[in-house]
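This report describes a predicted model. The contact between its chains is treated before the folds of the individual chains.

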Amino acid sequence: MTSLLSVRDLRVWLDTARGPLSIVDGVSFDIAAGQVFGLAGESGSGKTITTLALLGLLPAGARTGGSAMLDGRDLLAARGARMRRIRGREVAMVFQDPMSSLHPMLTIERQLTEHLRHQLGMGRREAHGRAVELLTEVRIPDPEAALRGYPHQFSGGMRQRIQIAIGLACEPRLLVADEPTTALDVTVQAGILRLLHRLCREKDLAVILITHDLGVLSALADTVTVMYAGRVVESGPTAQVMGRARHPYTRGLIDSLPHPEAADRALVPIAGDPAGPESRPPGCAFHPRCRFSEPPCRTAVPPLVRIDDGREMACPVDPLVASLAP
Amino acid sequence: MSLLELRNVEVVYRRPDGTPVPAVAGASLDVDAGEIVGLVGETGCGKSSLARAAVGLVPVAAGTVTFEDRPVHVLGRRARRPGERRLQLVFQNPYESINPRRTVGAQVADAFAIGRTLPRSSWRRRVEELLDRVGLPASMAGRFPHQLSGGQRQRIAIARALAADPAMIVLDEPLSALDASVQAQVANLLVDLARDLQVGMLLISHDLAIVRHVAHRTAVMYLGVVVETAPTAQLWQAPMHPYTQALINAIPHADGAGHLPAALTGEIPDPARPPSGCRFHPRCPHVMDRCVAEVPELVAREGGRAVACWLHEAPAAGRPAGVQQAAP
């Protein structure tokens with residue numbers, strides 16, 4: 001697989017009075033064109049910060065280490081106009097709440113053609129034609145009328161489609177979608193998932209899908225990386241990681257979800273709460289919540305080890321992992 | 001008589017230009033002691049308005065709300081009537097429903113001060129009992145909300161409701177602001193409380209999957225009306241209303257199978273101008289002529305079910321149903 005984006009040992013930290021505070025610690029992954037890469041985790045897992053780092057959108061004061069190569073250029077090193085050009089042309093973003101990422105006072109046409117005119121230098125008429133095409137592509141009924149409308153005139157699902165259309169305007173190769181369906185109703189969500197699936201296949205678009213919803217990941221992602229407290233705990237093909245979860249945290253997450261096929265089974269929650277950056281336990285950060293934890297888990301950070309079924313996981317207790325660890 | 005009875009409830013808001021918007025357009029529902037009834041539906045279906053009407057937070061334009069055989073009064077400037085204190089509400093967002101500047105213990109004890117149900121000397125012990133009841137250590141009483149996680153805050157919100165010694169708790173999306181691993185903890189807590197304390201619960205949620213694990217019965221709302229109610233297991237095994245079927249089919253499964261969920265065509269209509277006949281007909285894959293012209297009533301079926309759909313025309317004389325009890 002030739003990867004479009006290759007992230008190696010990505011680290012994000014804040015310099016505080018009490019020393020560096022680690023937010024994301026050693027995340028690596030590859031994404032190929034036409035693939036959906038899913039990044040899963042709960043609050044404070046670092047999944048959103050990981051992608052903000054790739055986009056150069058971290059808040060001031062956050063520091064980064066490692067590399068993120070997009071076609072031989074390091075996204076982490078790009079600054080200013082160069083980063084803006086990458087963000088505008090090659091990497092697009094879709095966020096959770098289209099009501100807050102769309103400008104409420106500007107028409108859809110203005111917001112959709114701004115990119116086309118600035119980044120691609122299109123004239124007004126050409127940009128208008130392309131905007132109609134884009135809205136048609138994301139299945140907005142009556143695109144001409146929609147272009148004259150304002151965000152509040154559309155439903156949540158339609159606004160998310162418009163946001164995706166804006167993201168696609170400059171034909172990016174990578175789309176970063178952060179909880180793109182979380183604010184939507186389930187029947188509307190299904191429509192957006194189908195849309196993303198089609199776009200990914202038709203346009204050979206690579207997608208980073210960030211979500212806490214493992215159902216959404218299962219539906220869309222080709223590969224999944226599960227993060228906990230800033231580190232990757234398990235990653236690999238979706239069928240393996242979601243279908244036969246192996247890390248105690250991934251398994252715990254799946255067991256705590258309502259299962260559509262087994263209603264009589266009680267929900268099995270994970271004890272305790274997710275650990276935020278300020279309160280990360282030493283060793284494997286999951287150990288205080290883990291049913292299988294053993295003394296070594298409390299001291300040493302387990303390395304991410306590749307297993308022969310194609311997945312990687314970081315758990316010293318798993319017998320296979322234990323036998324493979326250096 | 002059920003503990004909480006909603007009969008043909010209508011809730012009407014007004015747009016700034018005066019247009020009436022019927023958010024709830026004639027919904028009926030019952031909840032018994034110890035029973036958890038899930039009320040599911042999507043944005044704008046009126047489930048939160050119905051929940052608010054159930055506890056008197058919004059006035060009903062028509063219909064009745066009865067709790068322990070007495071009508072529920074709309075909350076005004078006066079103190080809530082003592083009998084109605086046994087009807088409690090828990091909100092969605094525990095970051096907003098709890099006062100950030102007061103300790104957890106003081107907030108849980110509010111109900112004792114208001115209800116004058118307990119001598120002050122026993123407050124502390126009772127607060128600790130309630131914290132234990134919702135799975136929190138007694139030491140939490142001295143903490144402030146910012147020191148707690150989302151799941152702990154939602155437990156505090158539930159403890160506050162329990163402090164009033166309720167017979168019935170209405171919960172408006174109590175799980176949706178929580179992480180998945182924590183959501184299951186609180187969901188299980190609700191099941192335990194209903195069983196152990198014989199509290200009735202009306203659980204409002206957009207998440208049909210979690211409701212399936214928690215609720216004994218489930219009611220599905222669409223555009224202001226209840227379209228189907230059934231014992232939860234039956235609703236999932238054989239959903240009768242096409243909208244219920246669409247909701248279930250749209251849920252993505254976390255099984256790694258890469259199965260794309262089914263989408264529902266169209267958009268939810270403006271409640272101020274609902275479609276004629278069955279309100280779901282413009283989006284329904286099984287629409288017939290009759291659906292456009294005639295409003296289907298919520299009609300009782302076998303097995304404690306009820307459905308409002310012309311596909312399932314009543315076998316005999318159509319009895320308009322409130323909501324029947326599931327067979328014990």
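## Interface between the chains

In this predicted model, 37 residues of chain B are in contact with 38 residues of chain A. On the side of chain B that touches chain A, at least two residues each come from helix H6 (180–197), helix H7 (208–214), helix H8 (232–237) and helix H9 (242–249) of chain B. H6(B) provides the largest share of that side, with seven residues.

Classified by residue type, the side of chain B that touches chain A comprises 20 nonpolar, twelve polar and five charged residues.

## A sheet in chain B

Four strands of chain B form an open sheet in the order S2-S1-S4-S5, with antiparallel pairing. Strand S2 (20–31) and strand S5 (70–71) of chain B stand at the edges; each has a single partner strand, so one side of each lacks a neighbour in the sheet.

Strand S1 (residues 4–14) of chain B runs antiparallel to S2(B), and nine bridges join the two. Within S2(B), B:Pro22 stands opposite B:Val12. Helix H1 (residues 47–54) of chain B packs on the sheet, where it touches S1, S2 and strand S4 (62–67) of chain B. The direction of H1(B) makes about 115° with that of S1(B).

## Overall form of chain A

Chain A contains twelve helices and twelve strands. Its C-alpha trace spans about 65 × 50 × 40 Å along the principal axes.

Of the 326 residues of chain A, 49% count as buried. Among contacts in chain A between residues at least 6 apart in sequence, 61% join residues at least 24 apart.

Methods: Residues numbered from 1 in each chain as written. Chains lettered and ligands numbered in written order. Predicted model: local features only at pLDDT ≥ 70, side-chain atom pairs only at ≥ 80, totals over all residues. Contact = placed C-beta atoms within 7 Å. Nonpolar A, V, L, I, M, F, W, Y, C, P; charged D, E, K, R; others polar. Pairing = 2+ DSSP bridges. Axes fitted to C-alpha atoms, helices over the stretch in contact; angles between N-to-C directions. Buried ≥ 20, exposed ≤ 12 C-beta atoms within 10 Å, placed from the backbone.
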